[in-house]
Structures are given as C-alpha cells and as structure tokens.
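Notebook open, model loaded. I'm jotting down what I look up as I go.

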Amino acid sequence: MSEFFSHLRGLPPPLVWGLFSRLLGLTFLVSFASVYNQVLPIAGEHGVQPAGMLLRRAREDFPTWKRFVYFPTLLWLGSSNAMLRALTLLGLLAAGSIVLGGPWAPLAFACCYAVYISFDRPLGLVFPWDCVLFEAGLFGIFLPPTHLLPELTAVSAPAPALCWLYRLLLLRVMLGFGKFKFIGSTKDDSGYLKGFLINQPLA
C-alpha cells in the first residue's frame with residue numbers, strides 16, 4: 001500500500017488534477033443519471049412533493065427577492081415535467097463534457113452546480129454525499145481546464161489555495177464521520193445518522 005501511495009506522489013500535478021476533475025465529473029454523471037428516474041415521481045406535477053407547490057409556497061412566504069436567496073433554483077423559470085427533465089439532461093450533458101475535457105470544463109462545472117442546487121429543495125438532497133458534491137462542484141468551477149480525451153492532464157495545476165480547500169473538505173468529511181462513529185449520537189440525531197454514519201467503517 002505504501003508503494004502505491006509513493007507512486008501516486010510521483011505523478012505530475014497536471015495529471016493528478018486532470019484525473020481528479022474527470023472523476024468529479026463522473027460522480028456528477030452518476031448522480032444525474034440516478035436522478036433522471038426519480039425527479040418526476042418525487043418533484044413532478046403529480047409527484048410526491050411537486051416542485052411547483054414548493055415554489056408557490058416559497059413565493060407566498062417570501063414575496064420579495066429573498067425567495068431567490070433562500071430557494072436558489074432554476075425552477076423559478078418553470079417547474080413543469082418538461083423543465084425537470086430538461087434540467088436533468090442538461091446536468092448529464094455538462095457532466096459528460098467534464099469527463100470529455102476541454103477548455104469549457106469550468107463552465108460545465110458551473111452548469112452542474114447550478115442544476116444540482118436547483119434540485120436541492122425539490123428532491124431533498126441532504127445526504128452527506130450530496131453535501132460533499134455541492135461543495136466539491138462549486139470548487140470545481142475554479143479548477144483549471146483539462147485537455148480533451150484521450151489526453152488526461154489538466155492544462156496546469158490549480159492554485160495552492162484551491163488545493164487546500166479540497167484537503168480541508170476531505171478533513172471535515174473524515175472528522176465528521178469519525179465523530180459520529182466514535183463519540184456517538186444524541187437523541188436529536190436522525191435515524192439515518194444512528195444507522196449509517198455511526199456504523200460506517202472508516203479506514
């Protein structure tokens with residue numbers, strides 16, 4: 001195992017970050033693919049919790065510009081089934097373009113983030129992996145572009161501050177999981193935390 005990590009440390013930074021960017025894009029691709037068959041049953045016009053009803057209530061409670069701050073979503077432009085499908089397809093296309101690479105990769109990350117946050121309230125994206133993907137995707141906007149496949153490298157390494165933001169994100173995830181595993185939960189924690197996070201094996 002130590003030889004494996006030693007080999008990774010020897011890789012050139014543009015290759016490491018080119019692979020990282022594409023793997024993050026692949027994660028978005030898998031996430032949007034899973035959302036494709038869920039979005040209408042959950043947030044569609046005849047779904048469990050229609051997005052239109054959610055936005056209508058938000059409009060009533062926050063009649064000013066505050067609704068756009070508290071509920072940032074592209075669904076303000078329309079919440080029909082066609083719009084939900086279109087946003088999902090847009091997310092899939094943007095994620096696929098990140099994997100493909102090219103100078104538009106940062107723009108594709110911005111598109112993925114905008115679509116994903118649009119589904120935040122309607123689909124209840126509150127699981128830990130959703131939260132991590134939100135933050136990692138936002139940082140991805142500032143990653144350097146990548147070369148087109150089959151070239152795997154990025155055009156350059158990102159700014160050191162951005163590298164540390166990703167390291168800090170990983171540290172927070174590991175500490176957060178470790179807290180619930182080793183310290184335990186309280187009566188206010190949800191069953192999800194008790195049943196999964198506490199028992200989640202950590203390396």
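Is the crossing of α2 and α6 left-handed or right-handed? I get left-handed for α2 and α6; the rule is that the near helix is turned anticlockwise from the far one by less than a right angle, and clockwise would be right-handed.

Before going on, a note on ground rules: this is a predicted model, where local features need pLDDT of at least 70, side-chain atom pairs count only at pLDDT 80 or more, and totals for chains, interfaces and linings use all residues. Residues are numbered from 1 along each chain as its sequence is written, and side-chain values use heavy atoms, with hydrogens and water left out.

Next I checked the packing geometry. Helix α2 (residues 13-36) packs on helix α6 (residues 81-100) at about 160 degrees, axes 8 Å apart. That makes the two roughly antiparallel (an angle over 145 degrees, taken between N-to-C directions on a 0 to 180 scale, with axes fitted to C-alpha atoms over the stretch in contact).

Then I looked at who touches whom, contact being heavy atoms within 4.5 Å. On the α2 side I noted Phe28, Leu29 and Phe32, among others, and the α6 side includes Leu89, Leu92 and Val99. By class I have 13 nonpolar, 5 polar and 2 charged residues (Ala, Val, Leu, Ile, Met, Phe, Trp, Tyr, Cys and Pro are nonpolar; Asp, Glu, Lys and Arg charged; the others, Gly among them, polar).

Last, the whole protein: I find 11 helices and 0 strands (DSSP runs, H or I of at least four residues for helices, E of at least two for strands). Buried residues, under 20% relative accessible area with a 1.4 Å probe, make up 35% of the 203.

Conventions: Angles under 35 degrees count as roughly parallel, over 145 as roughly antiparallel, 65 to 115 as roughly perpendicular and the rest as oblique. Buried means under 20% relative accessible area, exposed over 50%, partly exposed in between (1.4 Å probe, protein chains only).
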